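Here is a brief report on surface, helix packing and cores. Please keep the structure open while reading.

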Amino acid sequence: MSCKHYKNSPQKYYKIISFATFVGLLYACSTTKKVPEGEYLLTKNSFEFEDKKEFFDEELKEYVQQKPNKKQVLFMPLGLMFYNMANPKYDTILNEYMTYPGEMRNQKLRDSLFIKYNMKNSVGKNLFFDRLLHSWGSPPVILDQTRSEKSAESIKKRLTYRGFWDAEVKYRHDIDSASKKAAVKYFIKHNEPTYIKDYYYNITDPGIKGYYTYNLNKTFVRSGQILDQTVLEKEVTRITDMMRELGYYKFNASNDEVYFVADSLKSKKNVPLTLEIHKDSLDSRYKVATFGNIDVAIVDEPGDYPKNTKKDSLRRIRFHKMNENYKSSSIWRTIIADSKQVFDQKKLDVTKRNILSMNNFSIVKARDSLRQGGMSSPNDSIVDILYVLKPLPKYELKVGTDINYSQVLNLGVSPSVDLTTRNVFRGAENLFTSISGTFGSIRSTKDIDKRTTAYEISAQASLNFPRLLLPFNYYKFLPKRYTPTSSILLGASIQNNIGLGRVNFNTGLNYQANINDQVYHKLTLFNTQVSLTKNKDAYYSYFPNDEKIREDIFSDYFVTHDQLGKDFKDGKVDIDYVSKKIVEDETYRQSLNQSGTDLLTAFRGALVNKDRQTQDVLISSMIYNFVYNEIGKKEYPNAFYFNGKVELAGNILSLFNKKDDGGGVLASPQRTIFGIPYAQFVKFDIDARKYFKFNGNQTLVLRQFIGVGVPYGNSEDMPIIKSYFNGGSNDIRAWVAFGGLGPADSQVDERVRTYMTDNVKLTTNIEYRIPFNKMYEGALFTDIGNTWSLRDHNDGYGDEFKFNKFLGQVGVGSGFGLRVNIAYITLRLDLAYKIYDPNKPEGDRWRFKTFQPFKPTVNFAFGYPF
């Protein structure tokens, strides 16, 4: 920091220095201020592993019974600091005050305690500040040496549970009497684990035994493995789920029918293990149950069933309704279980999911029970099902406002009004209507150091059906358990961002199906978008950089074409006419020196930008989307995510067109529908992510995005709204969106290149996330990628994708970030630096020489980037 900079901004740096001083003094206030004499503040628990460290050792920290005060801001125990700032006498008073019933806690009680503890000066005062510090603070954790011994015992038990029967755990107290602080160090020696010598199973029921042996290849337990109880628990869960799906109702309901017996009499290092499955001590046989009666009641109040309902039935499902507001067929589609079929617990789970996903009912009761036989005991092979449903309100109105931030929009406000209308046609259809707006500011194209107002106002309507809108019965090839749904979408928006506003219309018919909790399919049978550009003639007014380049080349060209210059000045010819003359004049091109050639190349790039930014386009496409998602599932700690999308546009429209438009300065004439050019392309997007958990909650995330758009037929280039660009808080974070990265290693003037988009995109992200506590998390990351074109424009852009060159054309950025988890919202701050910039001249692409640590690219966002 230069002195000159400090003199120019003394107030800003005074605040920073003052805050740093305050934090330093706060931390300097002894954290042991309220630690009694002869006691010690516990500051740290550490582990030393005297032999090879095992993969599960991080979980041993949870078995330590005493943990230090949590550290929050700047790795300091802020809660303890708040507690220490309160009046020490008030600690005792507050502790006694809280022992009284809530109705007695008032000023009169506080005054009596002030007198009792010789704080007469505080009588009549509520000591709000001290109370606030106590509520925010946390008392010091005082070392309890007996709990250290118990912690060592708990750790040893956990090691035994994990299969290390001979593990040794010791501990040591490191006490600093002068500072009244202490740390505990645990010394862990695993020694040799206990292995499963042989694996047997003792299953007396022939049916259960047959199913188990048939699926034996799926078992988690095998000979030669470490005898880990957590693995045995997984196996019990697998067997239980499998048997319930095969018709064994309430199998292992009391959790004592499936267990393991280890014979450790002969050896504690290699023990035989036996799986035991018994219904009871008499080894009674298990019975395969079937679904019996399936009843669904739709009521206004829980007590309305059965007295106020009328019976109806459809395909072996009995309905009980108070009115005809809902068609029986609409509810039938959600019920996966079927009478007289073999019982399957998963069918009940999917049925609940289907009912809730309809967003029409709350489930008042969901009961499955063995059929009662009058005065006799229940029939142990027939399961009756009952669902009691209460309709949600017909209308639901939501009004909200979101605050968002991006490099493009800066800080924006997004108010919205959403109305849900349920059961529109008595088939549980829902109509969602929304009016929303986004208002903020963006970097001005006229002056990049200033910002200008931007907005988007949109209206959307979506009619959702809990079935597929098809003219035939589709349940034979797409069963009800896949929860098939349809939706019809209609929307319109008007936006003003860079001055060249757009009016957009969109409509579509979507089909969705959830195969299970991980797999999702979506088919958009037709997705139609119309994008119309406003203020086309004002392009150069909003892009002054392009205007400057145009003026320079026009001036140069008019030197040798003075008549054309006069005609242009007199208004006889327009900008587009002159521009076309210049780019088509081969003699002029041949006469240029290197600087002139560079100017012409930049001019051609500006013309491409102009044609694409002012383009009207009609896109009618079919889209297929496949998602596989393990994120958030406990059984997948190292989760994998895959999102693949294919879009095919324009083929149907090509059958009906007749006329061509005039084309652009560089763009060729295109066939039109209703006077609007339509796009033809095929586009592939792949987003794959892998999450690795280790060392407790630390996570390594690898992400690869591949996007390819192939224009053909009526399109020379991808529509700008379907093209790719670089930068932003969820992409390559060292560059802002439209911040000058790409395409490829193009050396086109950056003033023009900034708004270039392309039809190939590769992005690799690597992020290492380190949680400090439940609220704060740090991250280190590297982002790599760029955009390219699939073809050579023969105009010197240098943006064509080539396998032998693309690795040297990627941009590389690295940085670090902080995530703050507040309730259900994650606030994210990332600071990123350019490491390799392919658009700089050769020899200047590695940015280490010009590295400026105090001038990062700042990304503020909500949620994780991926």
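Helices (H or I, at least four residues) and strands (E, at least two) are DSSP runs, numbered from the N terminus. This is a predicted model: local features need pLDDT of at least 70, side-chain atom pairs count only at pLDDT 80 or more, and totals for chains, interfaces and linings use all residues. Residues are numbered from 1 along each chain as its sequence is written, and side-chain values use heavy atoms, without hydrogens or water.

**Surface patch**

Which strand gives the largest share of the nonpolar patch? Strand β30 does, with three residues. The patch consists of Phe772, Leu818, Ile825, Leu829, Val858, Phe860 and Phe862. Together they have about 570 Å² of accessible area. Areas come from the Shrake-Rupley method with a 1.4 Å probe; for residues, only the protein chains shown count as cover. Nonpolar side chains (Val, Leu, Ile, Met, Phe, Trp, Tyr) are joined within 5 Å. Two elements give two or more residues each: β29 (825–836) and β30 (857–862). Val858 sits in β30.

Buried means under 20% relative accessible area, exposed over 50%, and partly exposed in between (1.4 Å probe, protein chains only). Two residues are listed here.

Leaving aside neighbours within four places in sequence, Asp556 contacts Tyr588 and Leu592; contact means heavy atoms within 4.5 Å. Its C-alpha atom is 8.9 Å from that of Gly596, 40 residues apart along the chain.

Helix α15 (residues 575–584) buries Val578, Ser579, Ile582 and Val583. Seen down the axis, these fall within an arc of 130°, so they line one face of the helix. The arc is taken from the directions from the helix axis to the C-beta atoms. Their cover includes α13, α14 (562–569), α16 (586–590) and α17 (594–613).

**Nonpolar cores**

A nonpolar core is a set of buried Ala, Val, Leu, Ile, Met, Phe, Trp, Tyr and Cys residues joined through side-chain atoms within 4.5 Å. The largest has 31 residues. Val296, Ile331, Phe361 and Tyr387 have the most contacts inside it. Elements supplying at least two residues each include β7 (290–298), α11 (345–357) and β17 (502–514). Apart from this core lies another, of 21 residues, among them Ile203, Leu227, Val236 and Met243.

How values were computed: Patch = residues over 30% accessible without salt bridge, like charges linked within 9 Å, V, L, I, M, F, W, Y side chains within 5 Å. Salt bridge = Lys/Arg side-chain N within 4 Å of Asp/Glu carboxyl O.
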